[in-house]
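Here are a few notes to read alongside the coordinates. I hope they are handy as you look through the fold.

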Amino acid sequence: METDKADIEMEAFGAGVLRKILIPAGERAPVGSLIGVIAEPDEDIGAVLAAAGSAAAALPRSEAPAVPRRPEPVAPGAVATRIAVVAPVGTGPSPERLRVSPLARKVAAQAGVDLRLVEGSGPGGRIVRRDVEEALKAGGAAAAAAPADAALRAVRPMAVPAAALPESEDIALTPIRAAIAKLMPRSKAPVPHFYVTSEVAMDRAWELRQELNALEGRPKISVNDLIVRACAIALLRHPGVNASFQGDVVRVYHRAHIGIAVALEDGLITPVLRDCESKSLAQIAVESKELAERARARKLKATELSGATFSISNLGMFDVAEFSAIINPPEGAILAVGSVRRVPVVSDQGLGVGRRLNLTLSCDHRVMDGAMGARFLQELKRLLEEPLRLLI
Amino acid sequence: MASQKFDVAVVGTGPGGYVAAIRCAQLGLSVATVEDDRPGGVCLNWGCIPTKALLRNAEIVSLFHRASEFGITLSGFRADYAAAIQRSRRVADRMAKGVEFLFRKNKITLFPGRGSLPSASVVEVAGATGTQTLEAKAVILATGSEPRSLPGIAIDEQRVISSNGAVRNERAPASLVIIGAGAVGVEFADVYASYGVQVTLLEALPRVLPVEDEEVSAHMAKTFTRRGITIRTGVMVRAVTVSQSGVTVEAGGERMQADLVLMAVGRAAKVEGLGLEALGVAVQRGFVKVSPSMETSVKGLYAIGDMAGPPLLAHKASAEGIVAAETIAGQRPGPVDYGNVPSCTYARPQVASIGMTEAAAKSNGREITVGRFPFTASGKAVALEETEGFVKVVADKATGEILGAHIVGPEATELIHEFAVGRTLEATLEEIIHTIHAHPTLSEAVLEATLGALGRSIHL
């Protein structure tokens, strides 16, 4: 079976003799259609073939969309197996189309449970109250188990001779790793990402930051704080980026609730700094530091982990030139922040040394287009290159 | 005679058994049913349906009594109790025929006679013309229940009758003592009182309709008392003595004389005579023990309805029948939601409830909010001249979850289903409020009570 990404070998589910080839080798057929019949050598396959004929006639001539189809139950007594290639079942309902009971929605909101991480047990996979309560219980158990896990790692020797280690080992997914594993394909697969990168001259911002940090009794400002502040301002000016795809509408937010990705030992967590648009640089600095600390200590309330309208992922501390991030649905965009690097720059005065930062915006194409993302980045660039704007 | 083979044999064709049989047939299984009475069980023949016919008669009689309120002058009328019973029998016959028709339509074979199980997959049917043997891959037991009495008091269906006698008896007594003020006792009190019988209603628990919300019980007691029904609650019956002239009931330090006593203290599961003990079927407190998929402790043997435990309600039996049938057909149905079974009493005023009473919700430790709306403030109820009663909603304060709903008044038993659907869908107060209710309807009282729970009633 050929997909966008790979050729997959399919093995027949049943045993028997290949009695009829309906689609010859090398030809194309939509996923889910009958390509041949495997049966007992003397079995009557007339009915199966007749059904196949009518089904084929019903198929549109053009490439039919790949619809996963369950093989129909075979009539009792018959061993004939239809070879139907079944497309891999998708990644489940997209986050925008969660089926949730009103009560479950309220309980989740009050307890701060992210419904996208909850498995529904109601009719048609609908999330009901019981599911939210069970997710809450499971969350509590995960938090309790974490310290023991960390302690175990602490006593593990740093360097072990390779011979003492098995060739490979399977490490059980931590709850956070499992959550990331479940959530990210729901973003990367259904959300059509595109990326816009821009280089920002950070010389003046760097100077401003040093000046601010020299002030006594004032909170220390990080580059990330400058970026959060710049994003908050830019998001309000370009609400099209501060938006979420909702199936039949695009929901545009007029508040900048910014998720700030924090790396943990075993994963990643994105606490949300709310109402950034109305916060000063100092407030942002203090609050985001406190959020990150509590995130690392796993002391965040669940409410602080949901409701972002936009996210920032910063790998600057790892000397990363630039990278692109996966959007955290239902948000419409995420900003990937690289390191502020000292690079040779050409100016009117000749060759010099400057501080440069690469920002890459990942955008949901269902929400916005390239130009919109570029304008937002332009605004960010202007704010950071004329950093006094961040103070007013 | 050789045994006949089926996929499923259903013993008992009440609202549990016949529904299970039809569902099995829909799912492509061959089905045999066994019944020693008419199809339809107690519900169709001797319970729910004929009593509803009698209650309709009672309602019409009461409307004739109230004719002047509507400006209608009657020069006397006569309500014939025997005719009411005869009509209720015709109604029951018609419904039983309906079940027979559904069996034919679904190609379900009916074996008249008493069923018993020599093994878990064999049903022996002792009928009028001999014994037949059925072999089935799965057996569903749905034998129901029968009226029970108090210790030392025999139901003779002459002077001390059960509901079975009451639905057959064409002669209304001059006076009647009803022991037990649950749904059955209250409904017969209504029927007999409407036909001019002097009714005394006795209840051992502190209030009538003791499982309903306290406000509902209080309202019911007040209305019945106003209608001339004598109510004694919190009284234990010490003795019932039958004599030539009638019956004497000793209860709560009083001696009461009446023509008849109606025993309405509850029902007992029919688990005897089926051979369950020999099969090792677990029985607990008189009911067959079942799993959430209605299977007994013996594999392939299912039990549903009254015999499988409370609540002893036809609609609960039907729901269990569907679960059993779908399980047998290899599906994995969700279990019956016993917390969401509506309970209905069809007296005047009608009573219906679902979920928790206010007291139960409070004792559950939840912070609750309660909304009430009286039918006196409902335009439709006033137009109907049926302003008795109210709608009461008990909800969780934090989430608006509908914990319980209690309705007493006109068409309460129909109105309750808005809450039933709401609870199934996990709707909260807000979803009910956002639903536009047609005007003028009794259902507006549901909306208003729900608004009331948030302090937002418009018409109060």
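1. Ser175(B) stands opposite Gln198(B) in strand E10 of chain B. Strand E9 (residues 175–179) of chain B and E10 (residues 198–203) run parallel and are joined by 5 bridges. Helices (H or I, at least four residues) and strands (E, at least two) are DSSP runs, numbered from the N terminus, and two strands pair if DSSP finds at least two bridges between them.

2. A word on the source: this is a predicted model, where local features need pLDDT of at least 70, side-chain atom pairs count only at pLDDT 80 or more, and totals for chains, interfaces and linings use all residues. Residues are numbered from 1 along each chain as its sequence is written, while chains are lettered from A and ligands numbered from 1 in the order in which they are written.

3. Which order do the strands of the open sheet take? In chain B the order is E8-E15-E9-E10-E11, 5 strands with parallel pairing. Strand E8 (160–161) and strand E11 (230–233) of chain B are at the edges with a single partner strand each, so one side of each has no neighbour in the sheet.

4. Now the hairpins. Strand E12 (residues 237–242) of chain B runs antiparallel to strand E13 (residues 247–251) of chain B, with 5 bridges and a hairpin of 4 residues joining them. Thr241(B) stands opposite Thr248(B) in E13(B). E13(B) also pairs with strand E14 (residues 254–258) of chain B, again antiparallel, and Ala251(B) stands opposite Glu254(B).

5. Helix H1 (residues 17–26) and helix H9 (residues 314–328) of chain B pack at about 30 degrees, with axes 8 Å apart; axes are lines fitted to C-alpha atoms, for helices over the stretch in contact, and angles run from 0 to 180 degrees between N-to-C directions. H1(B) and H9(B) are therefore roughly parallel (under 35 degrees; over 145 is roughly antiparallel, 65 to 115 roughly perpendicular and the rest oblique).

6. On the H1(B) side, the residues that meet H9(B) are Gly17(B), Val19(B), Ala20(B), Arg23(B) and Cys24(B). Their partners in H9(B) include Ser318(B), Gly321(B) and Ile322(B); contact requires C-beta atoms, placed from the backbone, within 7 Å.

7. Finally, in chain A, helix H2 (residues 102–111) is followed by Gly112(A), whose phi is positive, near 70 degrees.

Methods:
Two residues are in contact if their C-beta atoms, placed from the backbone, lie within 7 Å.
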